[in-house]
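Dear colleague,

Here are the sequence and the structure for your files. My notes on what was found follow below them.

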Amino acid sequence: MGTLMGRLAAMSEEDRARVLAKVRGAAGGPAGTGEPRLAPGACPAGRGPASFVQEQLWFVSQLAQGVPAYNVSFAFHLTGPLDADALLAAVRDVVRRHDVLRSRLVLADGRLVQEVTDADPRVPVRDLTGAPDPQRAAQERVAALSRTAFDLAARPPLRLELLRISPTRHALAWIAHHTLVDGWSFGILLTELAGAYRARCAGREPDLPEVRLQFRDVAHWQRERMTGPTLDRLLDRWQRRLAGPAPAELPTDRPRGAAQTFRGGMLRFDFGADAAAGVAAVADRLRVTPFAVLLGAYALVVAAYAGSDAAVVGAPLAGRGRPELDAVVGPFSNTLPLRVDLSGDPTGAEVLTRANDAMLDAVSGQDVPFSRLADAVRGDRDARRNPLFDVLFNLGNLPPGSDRADLGGQTRLEVRGCPNGTVRLDLELTAEHTPQALTGRLEYNADLFDEATAGALLDDVRLVVGQLAADPTTRRSALEVPGARRRRLAAAARAAGGDAAPLRPARTAARRTRAWSR
């Protein structure tokens with residue numbers, strides 16, 4: 001869920017106002033200034049154009065048919081007495097409100113469109129109380145649902161199932177393709193589901209806020225807006241941001257195949273309270289965000305492994321640059337490249353400032369269609385990889401309580417993500433930062449990297465974070481990145497014909513994840 005909302009939660013009031021002003025300014029002026037009007041009912045009922053994000057995700061799904069890499073998989077864990085009929089009615093209430101949740105993607109006259117269906121969602125109820133280990137059976141069932149790919153044209157790519165673990169424990173599996181939702185959307189769905197359930201339990205119709213905009217209206221507006229000079233100016237800004245020598249590729253343990261693969265491994269980490277405090281302190285000292293501190297550390301490590309003076313890191317941006325979009329369910333999140341310049345042997349403080357500037361620049365241009373940017377920057381597509389970046393950083397830092405809800409009485413709901421064993425890029429680092437903890441996960445392409453390599457890189461991130469926090473005046477050349485150094489020595493030994501020992505992390509800060517994890 002960690003898009004722009006997570007970053008804003010970690011900022012001071014002054015920094016938050018500055019970022020929001022930049023975002024709102026980039027989103028365009030009021031009606032009458034040449035900006036297309038964003039209004040309800042812009043599209044005929046039942047059909048509308050696909051958004052740019054949907055178009056890109058649909059294209060990827062055609063290249064990797066049968067691969068569930070873009071399933072967004074969550075389980076709503078419910079503890080306490082549950083009125084199952086009221087919950088199922090609440091689910092139907094929520095899905096009926098948002099047309100995108102009942103839409104499939106089809107080609108019509110050579111164009112990709114969203115087609116809304118009238119069918120209510122199917123929510124099978126599966127009783128697992130008789131299983132030898134009901135909790136484990138629930139974990140395995142959600143994993144199986146999350147690992148099953150969708151046919152985007154056949155029906156709306158939404159898969160729901162209520163699992164009964166015990167009389168007071170249930171899990172509602174909510175698996176959707178990314179063409180329907182993003183992380184922000186789940187916050188909306190959680191709030192509405194809780195409100196609808198409480199009303200149904202009380203025998204009332206839910207009194208939820210009116211849905212003024214449907215996602216197909218937004219997609220229509222986006223396509224009207226991102227054309228001609230407006231799109232040209234935005235692409236020109238991005239091309240200037242990304243200008244410079246291409247960063248060296250991150251060395252892999254095995255060569256790439258003929259096509260991109262999605263088999264993922266995962267390591268979870270906990271860097272400890274001292275690291276969390278250090279990130280907050282150096283961010284405050286340099287007047288940057290914690291996101292910039294962690295992005296800068298990650299960029300330094302990636303560049304050290306690649307032997308490069310720059311790192312291009314993908315970052316998910318919320319794509320909601322106007323206030324009226326905050327309540328719309330749909331796939332707004334746009335993952336875009338942040339280029340962090342590391343040339344000239346900068347100090348840690350300079351690196352973090354550059355990372356912060358890269359993030360702010362990206363936020364101000366986050367509406368650029370990914371496919372148009374990829375064509376403008378990298379006209380020659382490589383089927384083996386993402387066209388703009390190989391690594392990703394995400395700060396999943398949402399305000400406390402945003403992943404849980406009170407359903408009334410003794411019943412509580414908590415949302416947990418369900419990784420499904422796939423990965424979309426070479427490396428994806430997701431961090432969770434609070435004043436007391438710095439935790440997260442590193443997902444890696446298991447066809448390219450060994451677990452030992454991923455663990456060594458993760459240890460290097462921890463060490464660099466500590467060095468930047470301890471003394472941000474340290475030059476890049478003086479930072480210790482031992483895993484990258486061992487890798488270079490091993491490569492030199494192999495080139496000289498010697499035997500290189502397998503790469504293993506000196507100190508392991510990571511551990512394997514479980515399938516049933518957040």
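**Confidence**

The protein averages a pLDDT of 87, and 87% of the residues score at least 70; pLDDT is the predictor's confidence in each residue, from 0 to 100. Over residues 16-33 the pLDDT is below 50, and this stretch has 34 contacts in the model beyond near neighbours in sequence. A contact means heavy atoms within 4.5 Å. Residues 499-518 also stay under 50 in pLDDT, and the model has 58 contacts for them beyond four places in sequence. Where pLDDT is low, the predicted coordinates should not be read in detail.

This is a predicted model, in which local features need pLDDT of at least 70 and side-chain atom pairs count only at pLDDT 80 or more, while totals for chains, interfaces and linings use all residues. Residues are numbered from 1 along each chain as its sequence is written, and side-chain values use heavy atoms, with hydrogens and water left out.

**Helix packing**

Helices (H or I, at least four residues) are DSSP runs, numbered from the N terminus. Axes are lines fitted to C-alpha atoms over the stretch in contact, and angles run from 0 to 180 degrees between N-to-C directions.

Helix H3 (residues 52-63) packs against helix H12 (residues 370-377) at an angle of about 70°, with the axes 8 Å apart. H3 and H12 are therefore roughly perpendicular to each other (65 to 115 degrees). Phe 52, Glu 55 and Gln 56 of H3 make the contact with Phe 370, Ser 371 and Arg 372 of H12. By class, these residues are 2 nonpolar, 2 polar and 2 charged (Ala, Val, Leu, Ile, Met, Phe, Trp, Tyr, Cys and Pro count as nonpolar, Asp, Glu, Lys and Arg as charged, and the others, Gly among them, as polar).

Helix H9 (residues 273-286) and helix H10 (residues 290-306) pack at about 110°, again with axes 8 Å apart, which makes H9 roughly perpendicular to H10. Here Val 279, Val 282 and Ala 283 of H9 meet Pro 290, Val 293 and Leu 294 of H10. This contact has 6 nonpolar, no polar and no charged residues.

**Ile 188**

Ile 188 lies in helix H6 (residues 183-201). Ile 188 counts as buried because its relative accessibility is 12% (buried means under 20% relative accessible area, exposed over 50%, partly exposed in between, with a 1.4 Å probe and protein chains only). Beyond four places in sequence, Ile 188 is in contact with Arg 320, Asp 326, Ala 327, Val 328 and Val 329. Ile 188 and Val 328 are 140 residues apart in sequence, yet 8.0 Å apart in space, C-alpha to C-alpha.

Regards

Notes: Helix = DSSP H or I, 4+ residues; strand = E, 2+ residues; numbered from the N terminus. Parallel < 35°, antiparallel > 145°, perpendicular 65-115°, else oblique.
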